[in-house]
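Trainee: I am new to this structure. Can we walk through it by question and answer?

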Amino acid sequence: MKIFLFLALLVVAVAASAPTDLRYKDRNQPLGIRIRSLMNQMTLEEKIMQMVQIDKRQADAELLRRYSIGSLISAAGATPNEDHRATPEQWVDMVNEYQRGSLESRLGIPMLYGIDSVHGHNSLYRATLYPHNVGLGCTRDPDLVRRIGAATALETRATGIPFVFAPCIAVCKDPRWGRCYESYGEDTSLVRQMTEIIRGLQGVDPSNSFPGVPYIGRDKVIGCAKHYVGDGGTTRGIDENNTVIDWNGMMRIHMPAYFDSVAKGVSTIMVSYSSWNDVKMHANRTLITNFLKGTLRFRGFVISDWNGVDRMTTPWGLQYPNSLMTAINAGIDMIMVPPNATEFLRLMKSHVENNRIPMSRIDDAVRRILRVKFVAGLFEQPLADYSLIPEIANQHHKDLAREAVRKSLVLLKNGNGNNPLIPLPKRSSRILVAGSHANNLGLQCGGWTIDWQGSSSNNLTAGTTILGAISQTIDPSTQITYIENPDIETLTRDSNQYSYAVVVVGEPTYAEQYGDNANLTIPEPGLSTMNNVCTRIRCVVVLISGRPLVIEPYLNHIEALVAAWLPGPEGQGVADVLYGDYGFTGKLSRTWFRRVDQLPMNVGDSHYDPLFAYGFGLTTSPLA
């Protein structure tokens, strides 16, 4: 009897230590067979740990080897050695070190490394960065957005990272929301057009397989449509708040961009922190399982937002075991950053063993995660090399970013009557450049740049400030004076010396809830600088912001007004249109309100009385 028991345990130990069916490693096998081959050999613990994504700062190679972790994430600012100037080579080496741990696990399942590449590879020092989505919406150019997606994919993949949390396809209905600049606009049809970025990020399936099935091409990345669903419609624009809307409204306004994203093969979808009619989206089985996976036949995987399960309750983390059970049963396949990976394993095992989470739900989640990993080619090429690093910030990508900047700018006012100020003359006796944002790359880029909240620093990344671009564009004979915040005495004394002034002011950097703003005024000292200069010198105001701001009370003193949004580091694109090398073509992707007490106010509303209507934008012709 003892011999029989020993042999039985020996068989179990051998079975648990080495895979016997290696068809999952054979790229020539059909996808379904590869998935079944692997899943049939996975223990419950291995399946559960494929369903977790942990912060890279809490991970090491040994943890990945021991537990076969499904995914890692670099939060904004979580760079190699916590050095924001880390080189591409250091990124590749870091990701590979983690990946080697995964490959040494029992079944050798590669992990997915994810990052927020939301306006280029924005965690990488000196990467090509693009305007944030609110500006890209003003271009009305889906092909441009597709090309930006392709360039972003290439630069992200060059650092060994195959998974990006983009695009954000929120329909922002209230600019008081701190994430409004992550939205392409307030109109559903515009946001739907901009889902073309998915084809840039992931590629286009040449076989035209069934809609809903993920496809990731060579040197492409796994995309992630977010935040499912209704995140842009919360009450008073409060981040993570409640979206109050009926089923028809949800289907008409917030859901259609997901129809397109799924049809274009998006690989993952991230669930929103927000609620729909007081039901947390992380708990909404109707929309996640029944509608997204059922009606839309989405075949990728669904991921929570950062600590999304913790934030299902107030205070956060209250009754976490119950929240976890609810989220998984609602249809979430991968949990982003649980409080503790091993505690996650313990809780999940307990839920399964006590029939609170059915095994079929675990298998569905793991099947989806593995499908994406196989389609992305991770089993064939789990480790990166340095071969794509020369593609980072190449001239083609910089030119693309500059094109995006000039197409995103919206000219809201240009002189009075038949006396336009723009195009500005390159040859003048003397000009003044002023404002907090005129010589600051960090403020041009906004949030989600190197760090989560961004930074008002000229050392944050590489590029050209608007002041630098103007200096490079004007005639060498033109004298340029830069005073960030000129005082009234100086302006009164010297105003007659200037042919015109360019005043660049706007918002500080922010991200997510830290950008929620009930007032939407131009912060000081920018507002005073704008008024002091423009009441004394003929001026063009370039407004750097993630959304429309209160401008009507000051408009009479402003000769020309440009909404530049958050253009990124290619400031030369601003000078291109200010000085007539290219014409203004951008159209508002958001309604420009008169007063904040009008909000929310969107095109088609019965109380619609904008300062500048949705779709407005003056045009100019390039100078010969």
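Mentor: Let us start with the whole chain. This is a predicted model. The protein chain has 21 helices and 17 strands.

Trainee: Why does the chain count as compact as a globular protein of its length?

Mentor: Take the length, 624 residues, and apply the globule rule. The rule gives 25 Å. The chain is close to that, so it is as compact as a globular protein of that length, with a radius of gyration of 26 Å.

Trainee: What share of the residues is buried?

Mentor: Buried here means under 20% relative accessible area. Apply that to the 624 residues of the protein chain, and the buried share is 62%.

Trainee: How much of the accessible surface belongs to carbon and sulfur atoms?

Mentor: The accessible surface of the protein chain is about 23000 Å². The share of carbon and sulfur atoms in that surface is 50%.

Trainee: Which residues are closest to the centre of the largest pocket?

Mentor: The largest pocket holds about 660 Å³ of space. Its lining counts 30 residues. Closest to the centre are R157, R218, A376, G377 and Q381.

Trainee: Which helices each supply at least two residues of that pocket's lining?

Mentor: By class, the lining has 16 nonpolar, 7 polar and 7 charged residues. The helices that each give at least two residues are helix 2 (31-39), helix 5 (88-103), helix 7 (142-158) and helix 15 (359-375).

Trainee: Is D363 buried or exposed?

Mentor: D363 sits in helix 15. Leaving aside neighbours within four places in sequence, D363 is in contact with M39 and K47. The cut-off for buried is under 20%. D363 has 18% relative accessibility, so it counts as buried.

Trainee: Now the closed spaces. Which helix gives the largest share of the lining of the largest cavity?

Mentor: There are 3 cavities of 30 Å³ or more. The largest has about 150 Å³ of space, and S117, V118, H119, N133 and A166 are the closest to its centre among 20 lining residues. Helix 6 (133-139), helix 7 and helix 9 (197-202) each give two or more residues. The largest share, 3 residues, comes from helix 7.

Trainee: How many charged residues line the second largest cavity?

Mentor: This cavity has a volume of about 70 Å³. Its lining includes W177, R179, H227 and D305. Set aside 2 nonpolar and 4 polar residues, and the charged ones number 5.

Trainee: H227 is in that lining. Which residue does a cis peptide bond join to H227?

Mentor: H227 is found in strand 5 (residues 224-228). Omega of the cis bond is about 0 degrees. The partner is K226.

Trainee: Where does P315 lie, and what is omega for the cis peptide bond from T314 to P315?

Mentor: P315 is in the loop between strand 10 (301-303) and helix 13. The bond from T314 to P315 is cis, and omega is near -5 degrees.

Trainee: What do the buried residues of helix 13 pack against?

Mentor: Helix 13 covers residues 320-330. Its buried residues are Y320, S323, L324, M325, A327, I328 and A330. They pack against helix 12 (285-295), strand 11 (335-336), helix 14 (341-353) and helix 15.

Trainee: Is P167 buried or exposed?

Mentor: P167 is in the loop between strand 4 (163-164) and helix 8 (188-194). Not counting residues up to four places away in sequence, P167 touches Y184, I197, I198, L201, C224, A225 and K226. Its relative accessibility is 2%, so P167 counts as buried.

Trainee: N355 and A393 both have a positive phi. Is N355 buried or exposed?

Mentor: N355 is in the loop between helix 14 and helix 15. Its phi is about 60 degrees, although N355 is not a glycine. The cut-off for exposed is over 50%. N355 has a relative accessible area of 69%, so it is exposed.

Trainee: And A393: buried or exposed?

Mentor: A393 is in the loop between helix 15 and helix 16 (395-408). Its phi is near 55 degrees. Relative accessibility is 19%, so A393 counts as buried.

Technical notes: Residues are numbered from 1 along each chain as its sequence is written. This is a predicted model: local features need pLDDT of at least 70, side-chain atom pairs count only at pLDDT 80 or more; totals for chains, interfaces and linings use all residues. Side-chain values use heavy atoms; hydrogens and water are left out. On a 1 Å grid over the protein atoms alone, a cavity is a set of points where a 1.4 Å probe fits but cannot get out, and a pocket is an open set with protein on both sides within 12 Å along at least five of seven lines; lining residues have an atom within 4 Å of a point. Grid points are joined across faces, edges and corners, and a volume is the space filled by probe spheres set on the points. Helices (H or I, at least four residues) and strands (E, at least two) are DSSP runs, numbered from the N terminus. Ala, Val, Leu, Ile, Met, Phe, Trp, Tyr, Cys and Pro count as nonpolar, Asp, Glu, Lys and Arg as charged, and the others, Gly among them, as polar. Buried means under 20% relative accessible area, exposed over 50%, partly exposed in between (1.4 Å probe, protein chains only). Contact means heavy atoms within 4.5 Å. The radius of gyration is taken over C-alpha atoms; the globule rule is 2.2 Å times the number of residues to the power 0.38. Accessible areas come from the Shrake-Rupley method with a 1.4 Å probe; for residues, only the protein chains shown count as cover.
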